[in-house]
Amino acid sequence: MNRYAVFGQPIAHSLSPRIHAAFGAQFGIAIDYRAIEAGRETFAATLEAFARDGGRGANVTLPLKEDAVVLCDALSDRARRCGSVNTLLREGERWAGDSTDGVGLLRDLARHGIDARGLRVLLLGAGGAARAAAFAFLDAGARELVVTNRTAARAQALAHVLGPPARTCAWDALRHQAAFDLVVNATSAGHAGDAFDWPLAAGATPAACYDLSYGKAARPFLAAARAAHARAMHDGLGMLVEQAAESFERWHGVRPETTPVHEQVRAVLDARG
């Protein structure tokens, strides 16, 4: 049986094996999909061993999305543009890389009734997932994209690649910004469980807030958004399902139905507390 996996660190909590098993059940496809722990120092060797053992496809999550780029012999246009890979496909003796995060995000936002066209968007973070989201927002017709990061040079580098209407703003200067239509958290700030340091002025109430993380990792940001009186708040569980559907289609040639899987994994997450 062909093998599939998700690589990251930490990875034991991942819902991806459950999601892909549910997708496979829709088509009668038995899926051998596992979560494999790998840090930046061990990822290349672990991925090579996975390929030798029959690995045909993989997802990549934190902190490996940018590292995965250099391990690919071929990149899709969207992976090349954003410099981030979250989906790997084995083609002969080489890996081909794709980025399905951006389209997964847009599809989940649409599921919540949010169309990025014409919006003023604030993107917190400039890592691999943030880069995929940034290009997706520009492709979708966002009116303005403001990128900020604690390390300002990373935000400036991303904005330079994006070009107008993207620009940067120093994290400490965000309190001087007018209200945004959508605030997207692509940082890992909530993963340690600490309170999220809300950077916007008290009166700059955003219409919607979205965290690319889900579960406990998203709670600090969403709690801060609630305290700031944001009118809509969503975590990234739906994005996880939608980007997985894109990966599944790349690997198996069929498009799964995502609605029942959204419901299944939300129930699992709720049960975990």
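The expected span of a helix is taken as 1.5 Å times one less than its number of residues, helices being DSSP runs of H or I of at least four residues, and strands runs of E of at least two, numbered from the N terminus. The model is predicted, with pLDDT of at least 70 needed for local features and 80 or more for side-chain atom pairs, whereas totals for chains, interfaces and linings use all residues. Residues are numbered from 1 along each chain as its sequence is written, and side-chain values use heavy atoms, without hydrogens and water.

For helix α1 (residues 16–27), twelve residues at 1.5 Å a residue should span 16 Å, and the 17 Å between its end C-alpha atoms agrees. Ser16, Ile19, His20, Ala22, Phe23 and Gly24 are its buried residues (under 20% relative accessible area, 1.4 Å probe, protein chains only). Their cover includes β1 (3–8), β2 (32–37), β3 (55–60), α9 (237–252) and α10 (259–272).

Eleven of the twelve are buried, so α6 is largely enclosed by the rest of the structure. Gly141, which follows α6, has a positive phi near 95°.

Helix α5 (residues 101–111) packs against α9 at about 130°, with the axes 7 Å apart; axes are lines fitted to C-alpha atoms over the stretch in contact, and angles run from 0 to 180 degrees between N-to-C directions. Contact denotes heavy atoms within 4.5 Å. Residues in this contact include Asp101, Arg107 and Arg111 of α5 and Glu242 and Glu246 of α9.

Note on methods:
Buried < 20%, exposed > 50% of the residue type's maximum accessible area, 1.4 Å probe, protein only.
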